[in-house]
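Open the model in your viewer and keep the selection tool at hand. The tour below goes stop by stop.

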Amino acid sequence: VSTIIENPHKGIRWESISGLKNLGIAEFVPTDTNSCMMKVRMTLVAPRLVATLFPGASVFLEDFLQDKLLKWSLEMFRDVVKGDLALERGDVELGDALFGAVEGKANAIEATLSNPPMTGDDVNGSSR
């Protein structure tokens with residue numbers, strides 16, 4: 001569920017309705033007439049079972065989401081905006097390249113998250 005906010009700066013406030021419980025706000029603060037700075041604040045709530053069984057899991061989860069997933073997502077968002085601006089200027093080659101890069105990165109992230117890490121045995125082809 002999200003809400004558009006207008007004051008003091010334009011932005012988006014959200015709260016998850018499925019998956020990992022999270023809520024936050026993304027504000028767009030003007031820096032001059034042609035650009036802005038995006039400020040993101042986000043709170044994550046570790047599932048109760050995970051928090052009970054692994055007391056440090058919420059810190060690990062928050063670090064992973066902040067340092068990896070959120071960073072990757074914001075970089076992809078930036079590239080989508082840049083690609084859209086390039087297409088608006090008529091630079092189809094740059095726009096297509098940026099959109100292709102975003103798609104490639106999204107596929108790599110999905111593959112990373114859905115496949116368990118390889119061990120030395122997996123690399124060498126032996127099984128025990």
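Which residues are linked with K105 in a network of salt bridges? Select K71, E75 and K105: these residues are linked in such a network. The model is a predicted one.

K105 and E75 meet in a salt bridge at 2.5 Å, N to O. The pair links distant parts of the chain, with K105 in helix α3 and E75 in helix α2, 30 residues apart. E75 is buried because its relative accessibility is 19%, under the 20% limit. K105, at a relative accessible area of 28%, is partly exposed.

Next, select R78 and D79. Their side chains form a salt bridge of 3.1 Å, N to O. D79 is buried at 15% relative accessible area, whereas R78 is partly exposed at 41%. The salt bridges in the model come to four by count.

Now select the largest nonpolar core: L44, L65, L69, M76, V102 and I109. Two elements give two or more residues to this core, α2 (57-88) and α3 (92-114). The largest share, three residues, comes from α2.

Move to the strands and select residues 21-32, which form strand β3. On one side of the selection list is strand β2 (residues 10-15), which pairs with β3 in the antiparallel sense over six bridges.

The hairpin from β3 to β4 passes through two residues.

Within these two strands, select E27 and R41. Their side chains meet in a salt bridge of 3.0 Å, N to O. R41 is in strand β4 and E27 in strand β3, 14 residues apart, so the pair is described as linking distant parts of the chain. Is E27 buried or exposed? E27 is buried, because its relative accessible area is 12% and the limit is under 20%.

For the last stop, select L49, V50, L53 and F54, which make a nonpolar surface patch of about 410 Å². V50 is found in helix α1 (residues 48-53). At 31% relative accessibility, V50 counts as partly exposed.

How values were computed:
Residues are numbered from 1 along each chain as its sequence is written. This is a predicted model: local features need pLDDT of at least 70, side-chain atom pairs count only at pLDDT 80 or more; totals for chains, interfaces and linings use all residues. Side-chain values use heavy atoms; hydrogens and water are left out. Helices (H or I, at least four residues) and strands (E, at least two) are DSSP runs, numbered from the N terminus. Buried means under 20% relative accessible area, exposed over 50%, partly exposed in between (1.4 Å probe, protein chains only). Patches are made of residues with over 30% relative accessible area and no salt bridge: like charges are joined within 9 Å, nonpolar side chains (Val, Leu, Ile, Met, Phe, Trp, Tyr) within 5 Å. Accessible areas come from the Shrake-Rupley method with a 1.4 Å probe; for residues, only the protein chains shown count as cover. Two strands pair if DSSP finds at least two bridges between them. A nonpolar core is a set of buried Ala, Val, Leu, Ile, Met, Phe, Trp, Tyr and Cys residues joined through side-chain atoms within 4.5 Å.
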